[in-house]
Amino acid sequence: MKGVVRPRSLPVLLAALALALLTVLAPRAAAETSVSRIADTLRASPVYVDPAASAQLSAADADSLRRQIKDADKPLFVAVLPADYPTDRLFTDLRTATGVTGLYAIRLGDRFDARADSAVLPRTAVRNLVASVQDEPDAATQLGAFTDRALADMGGAAPASWGSSDGGGGVSTGALVTAGVVLVAGGAGAYTLVRRNRRRHEEERRAALEKLRVVVDEDITAFGEALDRLDFHPAEPGADDAMRADYERALDAYDRAKSAMAAAHRPEDVRAVTEALEDGRFSLTRLAARRERRPLPERRPPCFFDPRHGPSTTDAAWTPPGGAPREVPVCAADATRLADGRDPVIREVDGDHGRRPYWEAGPAYGPWAGGYFGGGLLPGLLVGTMLGSLMATPSYATDYGSGYGDFGGAGYEGGDVSGADFDTGDFGGGFGGGDFGGGGDFGGGF
C-alpha cells in the first residue's frame with residue numbers, strides 16, 4: 001500500500017549496523033596508534049590489539065580475553081603492540097593517559113612485561129607472574145596464562161566504563177557485526193552485572209564497617225571511662241604545665257577518636273580512630289608518671305592481647321594455638337599471668353563463627369589492629385594467625401588497606417579513576433632502552 005513503510009528484515013538491520021560501526025571505527029583504526037589512542041580503547045575494554053600486531057593475537061583470542069577479564073570484574077588491561085613500538089616511558093605514560101588504577105600487561109613483538117598499582121598487586125607478585133609466562137610459545141598462550149594467574153591474585157574491581165562498550169583494536173568486520181549485536185542486545189545486561197558486582201562489594205565493606213563499629217565504640221567508651229576515673233583537675237595543687245599538656249592531649253585524642261568514627265565510611269577509616277586512642281592512653285600514662293614523680297615511660301605499643309589494657313611494659317614470649325612462638329608487647333598484668341603459666345586476658349570480638357580472639361575473627365579487624373600497632377610491628381605479631389595470612393594477600397590490601405601501613409596514598413582502589421595521581425615507581429621508568437627481559441623489574445623497565 002502506498003504510504004506504508006515496511007519494517008526492515010533482520011539481515012538488513014545487521015548490515016546497516018555493521019556499516020555504521022565500520023564508518024565510525026575505520027578512521028580510528030587507520031590513524032596512527034598513539035598512547036592516547038591505546039588508553040581510549042582500554043578505558044572502554046580490557047584488551048587492545050594494535051592493527052600492526054593483529055597477527056600476534058586473533059580476534060577470537062582477544063575477545064576471549066576480554067570476556068574472561070570482564071567476567072572476573074578485575075582491572076586488568078592488556079595491550080598487544082608491534083615489536084618496533086617506542087618503549088620509552090611506555091608503561092608510565094599509558095597509565096597516566098588511561099587514568100585508571102589497575103594491572104597493565106603489554107606484549108610487544110615477542111617480548112612481554114607488566115606493571116601494576118600497588119593497591120592492585122604488589123611488585124613482587126607482578127615480577128613472579130611475568131617470569132612464570134616468559135617461556136610460553138605464542139601470544140595467545142602467554143596472555144591467557146598470565147590472565148588466569150593474575151585474576152586469581154589481584155584486587156580491585158573493573159572500571160565502570162567497561163560496562164558501556166568494547167573498544168578492542170584490530171577487530172575484523174565479522175567481529176564488528178557480532179560486537180554490534182552484543183552491544184545492542186546485551187550491553188545493558190553487561191553494565192547491570194558490573195554495577196551489581198560493585199554494589200555487592202560495597203555492601204560487604206559496609207557490613208565489615210558495622211562489625212568494626214561495635215568494637216571501636218567499646219574502645220572509645222573504655223577510654224572515656226578511664227578519663228572519668230582520672231581524678232585530675234588542671235588547677236589542682238601540684239599540677240604543672242607538663243601535666244596539663246598531657247591531660248589536654250588525652251582529651252583531644254578522645255575527641256579525635258569520636259569524630260573519626262563518626263566520619264568513617266570504609267573499614268580502613270577505623271585506623272585513624274585506634275591511632276587516636278593509642279595516643280590518648282600513652283598521654284594518660286605519662287600524666288600518671290608525672291603525678292607520682294616517677295621517670296617518664298618510653299613510648300611502647302599497647303598490650304597485644306587487648307589494647308584497652310594500655311601501653312605495654314615489656315615483651316613476653318607467646319605461642320598462638322598451632323602457631324610459632326614470638327615476642328609480643330604485653331601489659332604488666334598479662335606479663336605476670338604468662339610468667340605464672342596462666343592465659344592472658346585476650347580481647348575477643350564477634351566473628352563468623354562466634355566470639356574469637358581478634359586475630360582469628362576475620363579480615364575487617366586489620367585496620368582496627370593497625371591503628372594500635374603501626375610502624376611495621378603488626379605483621380610480625382600476626383604471623384601464623386588468620387588475620388596475618390589474610391593481610392598478606394593483594395585483595396586484602398584493596399578491600400581493607402594494609403591495616404598497618406600504606407593505604408594507597410589518596411585511597412584509590414583497583415578500577416578507580418585516579419588520573420595522573422599514582423606512584424610512578426610502580427610503573428618504573430619505561431622499557432629501559434628496550435631491555436624487555438626484566439621479568440617485571442620495576443627498577444628500570446623491561
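This is a predicted model: local features need pLDDT of at least 70, side-chain atom pairs count only at pLDDT 80 or more; totals for chains, interfaces and linings use all residues.

1. The partner of W368 is Y372, and the two rings make an edge-to-face aromatic pair, with 5.4 Å from centre to centre and 85° between the planes. Both residues belong to helix α11, where they stand four residues apart and are therefore separated by about one helical turn. Y372 is likewise assigned to the buried class, at 6% relative accessibility.

2. The aromatic pairs in the structure number 17. One of them joins F304 and W359: the ring centres are 5.0 Å apart and the planes meet at 15°, so this pair is stacked. A plane angle under 30 degrees is what places a pair in the stacked class. F304 sits in the loop between α9 and β5, whereas W359 sits in the loop between β8 (354-357) and α11 (365-372); the pair therefore ties together parts that lie 55 residues apart in sequence. As to accessibility, F304 is buried at 0%, and W359 is buried at 2%.

3. A single aromatic cluster is formed by F304, F305, W318, Y358, W359, W368, Y372 and F373. The stacked pair F304 and W359 and the edge-to-face pair W368 and Y372 thus both draw their members from this cluster.

4. On cysteines, the search of the whole structure returns zero disulfides. C303 takes part in no disulfide, and the nearest cysteine sulfur to its own, that of C331, is 3.7 Å away.

5. D73 is not a glycine, yet its phi is positive, near 55°. This residue is placed in the loop between α3 (59-72) and β2 (76-81), and it counts as buried at 9% relative accessibility. R293, also a residue other than glycine, has a positive phi of about 60°. R293 is located in the loop between α9 (270-291) and β5 (314-318). Is R293 buried or exposed? Its relative accessible area is 60%, and R293 is therefore exposed, whereas D73 is buried.

6. The axes of helix α2 (residues 35-44) and helix α4 (residues 90-98) come within 8 Å and cross at roughly 55°. That angle makes α2 oblique to α4, and the crossing in which α2 passes α4 is right-handed. Which residues make the contact? On the α2 side they are V35, I38, A39, L42 and R43, and on the α4 side they are L90, D93, L94, A97 and T98.

Conventions:
Residues are numbered from 1 along each chain as its sequence is written. Side-chain values use heavy atoms; hydrogens and water are left out. Helices (H or I, at least four residues) and strands (E, at least two) are DSSP runs, numbered from the N terminus. Buried means under 20% relative accessible area, exposed over 50%, partly exposed in between (1.4 Å probe, protein chains only). A disulfide is a pair of cysteine sulfur atoms within 2.5 Å. Rings of Phe, Tyr and Trp (its six-membered ring) pair if their centres lie within 6.5 Å; planes under 30 degrees apart count as stacked, over 60 as edge-to-face and the rest as tilted. Axes are lines fitted to C-alpha atoms, for helices over the stretch in contact, and angles run from 0 to 180 degrees between N-to-C directions. Angles under 35 degrees count as roughly parallel, over 145 as roughly antiparallel, 65 to 115 as roughly perpendicular and the rest as oblique. A crossing is left-handed if the near helix is turned anticlockwise from the far one by less than a right angle, and right-handed if clockwise. Contact means heavy atoms within 4.5 Å.
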